[in-house]
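Hi there,

Here is the structure I promised to pass on to you. Have a look at it first, and then read on for what turned up.

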Amino acid sequence: MDTKELLKKVRKIEIKTRRLSNHIFGGEYHSTFKGRGMTFSEVRQYQIGDDVRNIDWNVTARYNEPYIKVFEEERELTMMLMVDVSGSEMFGTEQLFKNEVVTEIAATLAFSATQNNDKIGLVLFSDTIELYIPPKKSRSHVLRIIRELIEFKPKSKQTNVAEAFKFLSSVTKKRAIVFVLSDFISDDYKHTLKIAAKRHDVTGIRVYDKSEESIPNLGMVHMQDEETGELMLVNTSSKSVRENYSKYYQDKVNYYKDSFAKSGAGSIDCRVDESYVKKLLGYFKRR
């Protein structure tokens with residue numbers, strides 16, 4: 001993709017997703033992810049009506065009159081976007097590929113965070129960490145994130161969600177709002193997700209195509225695994241082949257739902273031919 005075409009694409013996504021974040025998600029995002037903690041600011045003399053639970057007994061004893069601790073809400077938040085760039089994301093039978101929907105969702109969330117004056121960081125992962133952009137504010141920073149989401153070429157086509165969570169824990173010590181965008185055709189990430197969800201506010205967004213759920217009966221067909229590149233001749237007219245594939249796929253989906261539910265993290269399922277706007281709004285409102 002040449003520079004002119006890339007800039008045109010970035011601008012198109014910016015116009016669409018910025019409008020969504022301004023008119024729809026801004027308020028919902030703000031009310032859902034308000035400052036998550038209170039930081040100590042100062043002590044002052046107790047006044048009638050103050051909460052007695054905030055009395056600082058050490059200072060009170062020193063000055064022989066009541067003093068209370070004053071707290072301020074931690075307003076500035078950090079959003080981390082963790083995006084799966086493995087081979088399976090380059091799949092789609094509808095108008096859009098999964099990675100295109102992922103880009104739009106990530107851009108909408110990033111602009112919503114910008115509107116809230118929060119920092120945004122990006123982690124692109126496959127079975128390794130492909131790219132890390134540390135959290136910053138500003139429109140130009142969000143545009144750089146969108147640019148990377150559009151044109152980044154991963155070194156690997158495979159997926160390891162656990163590695164992404166390990167990396168998150170190593171680079172983000174302060175509590176952050178974390179969105180993980182993937183099809184979650186992966187497993188063995190339950191433990192690392194649990195650790196991440198204890199420290200951060202984690203939400204998984206599973207983006208998938210309905211045609212991935214089952215194999216149609218088309219006779220003998222060549223199929224390529226998008227992650228390994230392996231080409232196989234598959235007899236799709238075999239009922240057991242179709243049933244085994246459906247079970248394999250459903251097992252991955254069940255693992256995703258169970259892992260996120262048990263770790264206390266949030267989750268959203270978003271099919272490429274459905275409105276991600278409705279899915280995100282519904283999720284924010286439920287929170």
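Let me start with a question: does Phe-260 count as buried or exposed, and at what relative accessibility? Phe-260 has 0% relative accessibility, so it counts as buried. Please keep in mind that this is a predicted model.

Phe-260 belongs to helix 7, together with other buried residues including Tyr-249, Lys-252, Val-253 and Tyr-256. Helix 7 runs over residues 239-263, and its 25 residues reach 36 Å from the first C-alpha to the last, close to the 36 Å expected at 1.5 Å a residue. The cover over its buried residues includes helix 5 (161-171) and helix 6 (190-199), along with strand 7 (201-208) and strand 10 (266-271). After the helix comes Gly-264, with a positive phi near 85 degrees.

Now for the aromatic rings. The whole structure holds 11 aromatic pairs. In one of them, Tyr-63 and Tyr-67 have ring centres 5.4 Å apart and planes at 40 degrees, so this pair is tilted. Tyr-67 has 16% relative accessibility and counts as buried, because the cut-off is under 20%. Tyr-256 and Phe-260 form another tilted pair, with centres 5.1 Å apart and planes at 55 degrees. These two are 4 residues apart in helix 7, which means about one helical turn separates them. As a reminder, an α-helix has 3.6 residues a turn, so residues three or four places apart point the same way. Tyr-256, too, counts as buried, at 0% relative accessibility. Ring pairs also join Tyr-256 and Phe-260 with Phe-184, Tyr-189 and Tyr-255 in a cluster. Elsewhere, the charged end of Arg-206 sits over the ring of Tyr-208, 4.0 Å from the ring centre.

The largest nonpolar core has 44 residues, and Leu-81, Ile-105, Ile-146, Phe-179 and Ile-205 have the most contacts inside it. Helix 3 (residues 98-115) gives the most to this core, with 9 residues. Beyond its neighbours within four places in sequence, Ile-205 touches several residues, among them Ile-105, Leu-109, Phe-179, Tyr-256 and Leu-280. There is also a second, separate core of 22 residues, which includes Ala-162, Phe-165, Val-178 and Ala-265.

Finally, the chain as a whole. It has 8 helices and 10 strands, and buried residues make up 45% of its 287 residues. Of the contacts with a separation of 6 or more, 74% are between residues 24 or more positions apart. The chain exposes about 15,300 Å², with carbon and sulfur atoms supplying 50% of that area.

Best wishes

Technical notes. Residues are numbered from 1 along each chain as its sequence is written. This is a predicted model: local features need pLDDT of at least 70, side-chain atom pairs count only at pLDDT 80 or more; totals for chains, interfaces and linings use all residues. Side-chain values use heavy atoms; hydrogens and water are left out. A nonpolar core is a set of buried Ala, Val, Leu, Ile, Met, Phe, Trp, Tyr and Cys residues joined through side-chain atoms within 4.5 Å. Buried means under 20% relative accessible area, exposed over 50%, partly exposed in between (1.4 Å probe, protein chains only). Contact means heavy atoms within 4.5 Å. Accessible areas come from the Shrake-Rupley method with a 1.4 Å probe; for residues, only the protein chains shown count as cover. The expected span of a helix is 1.5 Å times one less than its number of residues. Rings of Phe, Tyr and Trp (its six-membered ring) pair if their centres lie within 6.5 Å; planes under 30 degrees apart count as stacked, over 60 as edge-to-face and the rest as tilted. A charge sits over a ring if NZ of Lys or CZ of Arg is within 6 Å of the ring centre and within 35 degrees of the ring normal.
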